[in-house]
Amino acid sequence: MSTSVYSGSNGGSTTIHLAGEVDDEALPRLRDLLDELGGRQVRRLVIELREVTGMTPGAVRALVYAQQRLPAGAEVIVVGARASVAAALALGGLGGTATLAS
Amino acid sequence: MTVTATGRLAGLRLAPGSPTPFGATPTADGVNFAVAAARADRMWLVLMDRADGSVLTELEFAPEHRVGEVFTAHVVGLAPDDADYGFRVERGGERGPVLLDPDARLLAGSGEWGQRPDYRSRIATPDFDWGDDRPPRVPTEDLVVYELHVRGFTRSETSGVAAPGTFAGLAEKIPYLRWLGVNCVELMPVFEFDETDNVHVHPETGVPLLNTWGYSPVGVFAPKANYARGERPDVELKELVKRLHAAGIEVVLDVVFNHTSEGDHRGPTLSLRGLDEASYYLLDESGRHRNFSGAGNTLNANHPLVREWVVRSLRHWVHEYHVDGFRFDLASVLTRGRDGAPLADPPLVAALAADPVLAGTRLIAEAWDAGGLYQVGAFPHYGRWMEWNGRYRDALRAFLVGREGTTGDVATRLVGSPDLYSGRGATASVNFVTCHDGFTLADWASYDHKHNHLNGEDGRDGENHNVSWNGGVEGPTDDPDVLDTRGRQVRNALLLLLTSRGVPMLLAGDEFGRSQGGNNNAYPHDGPSTWVDWSLVDRNRDLVEFTRACLEFRRAHPVLRRAEHPHGESTPDGGYPPVSWHGERAWQPDWSADSHLVIAMMHDPNPRGDGLSDRVDTVVVAANSGAEDKEVALPQPPADSTWRVFANTGSARPLDAATTLRDGHVLRLPARSAAVLWAHTPS
């Protein structure tokens, strides 16, 4: 599966869809997309990972960084991360600050 | 017991040793050796010829002299300069290679720079005369950090020093550092490292590349031997520290405790692996190395044995070498537990914060690691730790290259990042735009993309997210408009950095336009691309003078150095608030996504409050990162004062910009420029 990175917004809620192997090649696209979010008043960030097969530490770090840039009180919901991806997110420190949903 | 040895070491006597201190410690009549090795069955002390490292004798530690898991021996009759040493372990009937002492205060055998080393531990004798050396103890709010690589700083013949590329060479540049106005040097790794430890080759010549930066320690108690002119790197480093202190300059060491040079299972067995791999390193359930450092292995920093080793090392550098602080490479690794998960209350980080010997020294975290952990603003600080503020770098760059939606973020960074360091003050933030990782400042303004093909990894290494802009042409050009834009961008970055609250850090050479040709990960190179070219000081004299003037301005204006975050509320007497924000019209900031204008007026509302200043101090910092020229109406200066322009990068002569103010309060701020003004009160 090739990597896919895109986002959609609905009011204060933004969803990022990721698919495939989110590796260092996909990282610039992911970071550009997350940078764009930094300028918006996002109240809820949903990270859709159902179709993600793997994620490098760089990609995890980009998500952690994006989470930190959200306004105070904004929530992050990670959806559909398979066990290996959820483990990578936990090692990246996202486990304690994001809600993991199946 | 008496052991049999040959030659001049015959007749040594092994008596019971002391389990502390670890390592080799000269005594009145010999040398005490102590080394912990939980899983060793037997241990030998290997004595080696100091000249060539050949083994002279191997003396077994007596089982009855073992204290707990510590093998001890007091070798009576051994003088420190009789021999170098190592340890050999037997486990399960199998004897391993000669190991380095993890507490070795000196490491011999590194050879000339670029030669494959043949390391052995050397017995150190503390015989340095510190005279009346005292730590400068620069107030944190006054600190200006200057990051440099000891070898690269003076290795070029353009440095004009007598001992290029050494501790002594750096000492010869102290007058320059004082002239520039920095008061703290942060030395990239000076622990012993193997500069030949790089598997990549130069893609054009096939010559093996190096690990010039040294972020891969072989020993954490021993100074890098070939940073010395002679045979005593310990003495030469101490001499450097002493001379820097005499000049009022602090010394912060960049230390690497996230991994070692032993790599993963394919790496060499130099020391820790042979002594107690499972305690020193993070291993997974299958015994494989976890790699949160990007370098193959990860130190098990919160294991009690390792924790104590790290604390011991840092105490050694403070006590023996009088250093003033540490910057911890990939410090987030230090917050990970046995299973690799981040700990809320990491014992090592807490221990360093509370250690009585380290009290008063600086602890600076690079608050991320290669495992995805990113803790800027969230590193467990225990009221002590400062951080490299990566978000300051990212925000300033994004704003200056004209990205949309960046004004609010950069404004927060200019006043010390109160969103990240609430309750800790602005001085928790080490602000920087460039550091050794990534582009130099000149390259940030000259390249859109990294150019790392000479690093031998097909250009894959190094950061892809540089938030840089080349001004219209990628790399070298003689287009005057492009060069003008780049010159302004560099000055914009310097001016904002050096007027921001927090502790500013400069990368050596940025003040005179040092380039690495667009290489943003130059660790494998040891040549003109990484050696500081001192001829640039003359060729870019105006830029050096500009930087120096910014530092002088910072010193002259306490309002820029306040440790606390400024609030935006007016004082009870109706005076200006500590910080207020403005736009094209006074008191009307524009925080919209397409705004490129940030204007802060910083006002010291309590000038006689705590001894920081004894006069009203008001400074305006204004930046226009857009492509259009702006005219902005500044707020009225405080009573009885007038605005004076300190610098305007939009002027042909940025430091001679007095004429840019119209009607006493209208500032012309050309496209992509920044200006700083201050309220002048006639005396």
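In this predicted model, 16 residues of chain A are in contact with 18 residues of chain B.

**Where the chains meet**

- On the side of chain A that touches chain B, the elements giving two or more residues are α1 (27-38), α2 (57-69) and α3 (83-91) of chain A.
- The largest share of that side, 6 residues, comes from α2(A).

**A sheet in chain B**

- Chain B has an open sheet of 4 strands in the order β1-β6-β3-β2, and the pairing is antiparallel.
- At the edges sit β1 (13-15) and β2 (23-26) of chain B, each of which pairs on one side only.
- Strands that are neighbours in this sheet are turned by 25 degrees against each other on average, direction ignored.
- Look next at strand β3 (residues 30-36) of chain B, which is joined by 7 bridges to strand β6 (residues 70-76) of chain B, the two running antiparallel.
- You can pick out one facing pair here: B:G30 stands opposite B:V76 in β6(B).

**Helix α13 of chain B**

- Helix α13 (residues 541-556) of chain B has 16 residues, which at 1.5 Å a residue should span 22 Å. Its end C-alpha atoms are 22 Å apart, so the model agrees with that expectation.
- Which residues of α13(B) are buried? They are B:L543, B:F546, B:T547, B:C550, B:L551, B:F553 and B:R554.
- Seen down the axis of α13(B), these buried residues fall within an arc of 160 degrees, so they line one face of the helix.

**A closer look at B:M505**

- You will find B:M505 in strand β18 (residues 503-507) of chain B.
- Is B:M505 buried or exposed? B:M505 is buried because 27 other C-beta atoms lie within 10 Å, and a residue needs 20 or more to count as buried.
- Leaving out residues up to four places away in sequence, B:M505 touches B:V145, B:E147, B:V430, B:N431 and B:F432.
- One of these partners, B:E147, is 358 residues apart from B:M505 in sequence, yet the two are 7.0 Å apart in space, C-alpha to C-alpha.

How values were computed:
Residues are numbered from 1 along each chain as its sequence is written. Chains are lettered from A and ligands numbered from 1 in the order in which they are written. This is a predicted model: local features need pLDDT of at least 70, side-chain atom pairs count only at pLDDT 80 or more; totals for chains, interfaces and linings use all residues. Two strands pair if DSSP finds at least two bridges between them. Axes are lines fitted to C-alpha atoms, for helices over the stretch in contact, and angles run from 0 to 180 degrees between N-to-C directions. The expected span of a helix is 1.5 Å times one less than its number of residues. A residue is buried if 20 or more other C-beta atoms lie within 10 Å of its own, exposed if 12 or fewer, and partly exposed in between; C-beta atoms are placed from the backbone. The arc is that of the directions from the helix axis to the C-beta atoms.
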